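Subject: Handing over the structure

Hi,

Here is the structure I said I would pass on.

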Amino acid sequence: MSDILRYFRQDMLPHIWCPGCGHGTVTGALVRAIDKLGLSKNKVCIVSGIGCSSRAVGYLDFDTVHTTHGRAIAFATGIKLARPELTVIVMTGDGDCAAIGGNHFIHAARRNIGITTIVMNNNIYGMTSGQYSPMTPKGMYGTTAPYGNVERSFDLCELAKASGATYVGRATSYHVPLLIDLIHSALQNKGFSVVEAISQCPTYMGRKNKIGGAVEMLEWIKDGTVNVKAAAALGSEKTKGKILIGELHNAPESEYTADYDELIDRVQRKYDKFQGGLYGCASNSD
Amino acid sequence: MAKTVKLMQGNEACTIGALAAGLEFYAGYPITPSTEIAELCAEELPKVGGKFIQMEDEIGSIAACIGASLTGKKAMTATSGPGFSLMQESIGYASLCEVPVVIIDVQRMGPSTGMPTSLAQGDVMQARWGTHGDHPVIALAPGNVRECFDLTIRAFDLAETYRVPVIVLSDETIGHMREKVVLPDPSEIRSVRRAAPSSPAGYKPYAAEEDGGVPLMAPFGEGYRWHVTGLFHNEAGRPTNSGEVADKLLRRLSRKIEKNADELADYAAESLEDCEIAVVSFGSSAMSGLSAVRRARKEGVKAGMLRLKTIWPFPEKAVAELAKRATRVIVPEMNLGQIALEVERVVAGACPVQRLGKVNGELFRPEEVYAAIMSAARGDDAAGAGRAAGEAR
Amino acid sequence: MDEKKKEYFHIIRERYCKGCNICVAFCPKQVLVLKNGKVFPERPQLCIGCRACELRCPDFAIEVHLKGEQPEEGRDSDSVDYTLPPEAMHG
């Protein structure tokens with residue numbers, strides 16, 4: 001029996017994603033990273049929002065929560081703070097994370113709470129059939145950008161780094177070994193980790209922009225990216241307009257829930273002579 | 001047992017009640033007039049090893065609370081109208097996914113930013129129908145500082161018992177006023193915890209007998225590896241598009257509340273036995289109402305007071321009962337007739353129902369309700385008198 | 001392994017395969033083909049075990065195993081994952 005199928009709820013397979021969609025590949029990469037780390041399935045909790053990518057958690061044999069649109073990271077914050085010993089992972093999409101979920105994304109990064117966020121970025125809203133998203137490159141097409149997207153898109157990794165995430169990496173559904181490695185490192189970072197996984201959506205992104213099917217899109221992704229390590233040597237004319245992949249930021253800092261546990265110890269030591277009991281507590285209103 | 005006598009603020013009593021019920025997690029966002037609850041939780045939770053977090057907005061707050069509850073912890077948030085509006089989608093999520101959580105809504109003058117420090121009770125219908133779709137919810141309304149303590153404990157017990165979000169509908173006056181309060185010894189408080197399965201083998205997170213059953217709820221991190229989804233789901237928690245499964249689930253969820261309406265109904269009645277002019281109210285308005293009823297009684301008028309402590313599910317039996325004898329029902333509330341709508345539905349024409357709505361941010365003075373009672377006693381028609389007393393400005 | 005060239009076999013889960021052609025297109029040795037919409041290891045002897053197909057497959061429908069590493073279940077080199085209902089049998 002396959003070594004990764006045991007991480008799946010096989011009664012739910014085959015999954016819902018379109019033929020050639022990259023989300024299955026990214027999900028496989030996450031599972032392989034978890035397997036490589038040897039994490040206990042009982043101590044991993046995976047949270048997702050709404051969208052094609054967020055259907056992933058339904059297939060995965062862990063404690064899983066398929067939450068409201070954009071709020072996966074906020075739900076995950078509650079789970080991680082309530083039970084810091086759990087490995088908490090968020091699986092989200094470019095719309096779910098960078099559009100409606102943007103506020104929770106930047107604040108979780110600011111707090112550096114121990115959550116690994118996998119952003120499956122297919123540059124489009126797939127579930128609702130093809131609208132452009134905050135990650136859709138300027139000029140490209142979507143059902144709500146019939147004349148070409150006039151908006152500039154986020155560099156999600158820069159946004160994550162600027163907000164305070166202590167591990168940031170980007171890979172693609174073409175560069176799967178790299179993606180597995182980044183997720184593997186991200187899961188070991190105590191604080192807030194972000195791995196952006198560029199993923200192909202042949203059904204909408206591919207068709208709407210005449211890139212082609214899954215294979216052509218993977219070629220397009222391969223040609224449009226360059227590894228951060230190679231980029232330095234290649235010089236700017238070769239890397240111009242290309243998206244950097246690889247480990248982009250790795251600067252561990254103290255993790256939010258660990259800091260809060262320290263606070264609890266500090267308070268409980270100070271109040272160990274706390275004879276006030278339940279009602280003796282300081283009332284702050286006077 | 002050692003009784004504790006304290007001068008306590010309503011908001012403070014909510015927090016103490018929550019702690020007495022075993023609160024372990026608070027996520028919230030500052031908003032007048034509820035912020036004292038957050039501040040006291042920030043101070044007290046670490047002492048008992050609990051967790052406090054101030055989220056980036058109210059949407060994040062309710063989401064974090066639901067997340068914490070899924071790990072088996074008792075979780076609460078507190079807010080007011082504007083924040084309560086932001087929380088609605090995820091309250092619906094907690095309702096469909098049957099996740100216990102307590103939300104304290106300290107109502108203020110709305111809609112919109114309104115008058116943040118002024119009293120109102122305009123979130124009654126929002127507490128019931130704020131989120132989209134049919135869904136079970138329970139709402140309790142404290143009428144004094146001690147009840148902020150009692151009803152927050154009851155809110156946790158009901159949330160844990162029925163796996164449902166419970167809203168404590170407080171208001172600016174109840175939340176901010178201070179009263180002498182006699183609190184029971186903590187050891188006397190029996191708080192309920194959700195019924196959990198004994199082993200992961202064959203665990204079905206949404207299996208319960210058809211008629212309003214409450215499924216066993218496993219905590220995350222203990223090997224049950226169950227799935228929670230805001231999509232309609234079958235007994236194993238797997239998402240479904242089957243209309244039949246959805247129909248069965250939603251009816252079970254609604255029955256959870258309907259079936260237990262009697263146990264959930266909670267109210268305080270005074271001189272209703274021979275009451276002809278009944279005052280039905282809740283929260284801060286009921287304080288003035290009771291004072292008016294007592295004054296009218298002294299003057300020989302057969303007035304009576306029904307103060308609702310459970311708002312949703314609406315205590316229909318108690319209202320229908322008093323309507324049998326009453327010649328008029330007066331409903332003083334700090335909105336334009338939200339509870340009155342329910343009272344009218346239940347009374348169904350048995351006697352006139354007079355709305356006494358105030359939306360100027362100032363609590364009823366007892367004489368305003370007294371005037372309505374006396375005009376009813378004189379037999380003035382319901383509609384006319386109501387306008388005179390309520391909008392006397 | 002002795003200097004004899006390593007040989008691999010492929011487990012295919014037809015029920016999962018959606019015929020997206022990613023594995024066929026990116027196999028460096030053109031081992032795979034699509035046969036009535038499902039992947040089929042046409043030339044298993046050419047497989048070098050790079051697992052590009054297994055890693056990129058969005059549907060977890062193909063797996064590469066070293067011969068001898070795992071008891072062969074199939075009649076010939078393209079064995080079948082018997083944990084799945086019959087329609088997964090192929091060839």
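**Inside chain A**

In chain A, 10 residues of domain 1 are in contact with 5 residues of domain 2, where contact means heavy atoms within 4.5 Å. Before going on, the ground rules: this is a predicted model, where local features need pLDDT of at least 70 and side-chain atom pairs count only at pLDDT 80 or more, while totals for chains, interfaces and linings use all residues. Residues are numbered from 1 along each chain as its sequence is written, chains are lettered from A and ligands numbered from 1 in the order in which they are written, and side-chain values use heavy atoms, with hydrogens and water left out.

Back to chain A. Its domain 1 covers 4-253 and its domain 2 covers 255-286; these bounds come from an automatic or database domain assignment. Taken over C-alpha atoms, the centres of the two domains of chain A are 39 Å apart. Between them, domain 1 and domain 2 of chain A bury about 580 Å², with 72% of that on carbon and sulfur atoms. Buried area here is the accessible area (1.4 Å probe) that two parts lose on being put together, summed over both. On the domain 1 side, Leu81(A), Pro84(A) and Arg111(A) lose the most area to domain 2 of chain A, and together they make up 59% of what that side buries.

The interface between domain 1 and domain 2 of chain A has 0 salt bridges (a side-chain nitrogen of Lys or Arg within 4 Å of a carboxyl oxygen of Asp or Glu). It does have 3 residue pairs in polar contact, both residues at pLDDT 80 or more. A polar contact is a pair of N or O atoms within 3.5 Å; within protein, one must be able to donate a hydrogen and the other to accept it, and residues adjacent in sequence count only if both atoms are side-chain atoms.

**Chain A with chain B**

Chain B puts 60 residues into the contact and chain A puts in 50 residues. The area buried between chain B and chain A is about 4,500 Å², and carbon and sulfur atoms give 58% of it.

There are 5 salt bridges between chain B and chain A. If you want one to look at, the side chains of Arg225(B) and Asp61(A) meet in a salt bridge at 2.9 Å, N to O. On the side of chain B that touches chain A, α3(B) gives the largest share, 8 residues. Helices (H or I, at least four residues) and strands (E, at least two) are DSSP runs, numbered from the N terminus.

There is strand pairing across these chains as well: β2 of chain A (residues 63-66) runs parallel to β9(B), joined by 3 bridges. Two strands pair if DSSP finds at least two bridges between them. Which residue of β9(B) is the bridge partner of His66(A)? Look for Thr229(B).

**Chain C**

Chain C has 20 residues in contact with 30 residues of chain A. About 2,000 Å² is buried between chain C and chain A, 64% of it from carbon and sulfur atoms. The count of salt bridges between chain C and chain A is 0, and the count of residue pairs in polar contact is 7, both at pLDDT 80 or more. Chain C and chain B do not touch, and their nearest C-alpha atoms are 19 Å apart.

**Inside chain B**

Chain B is also assigned two domains, domain 1 (4-188) and domain 2 (267-390). Their centres are 27 Å apart, taken over C-alpha atoms. Domain 1 of chain B brings 28 residues to the contact and domain 2 of chain B brings 22 residues. These two domains bury about 1,900 Å² between them, 61% of it on carbon and sulfur atoms. In domain 1 of chain B, Leu119(B), Gln121(B) and Met125(B) lose the most area to domain 2, together 31% of what that side buries.

The count between the two domains of chain B is 2 salt bridges. The side chains of Glu147(B) and Arg307(B) also meet in a salt bridge, at 2.6 Å, N to O.

Cheers
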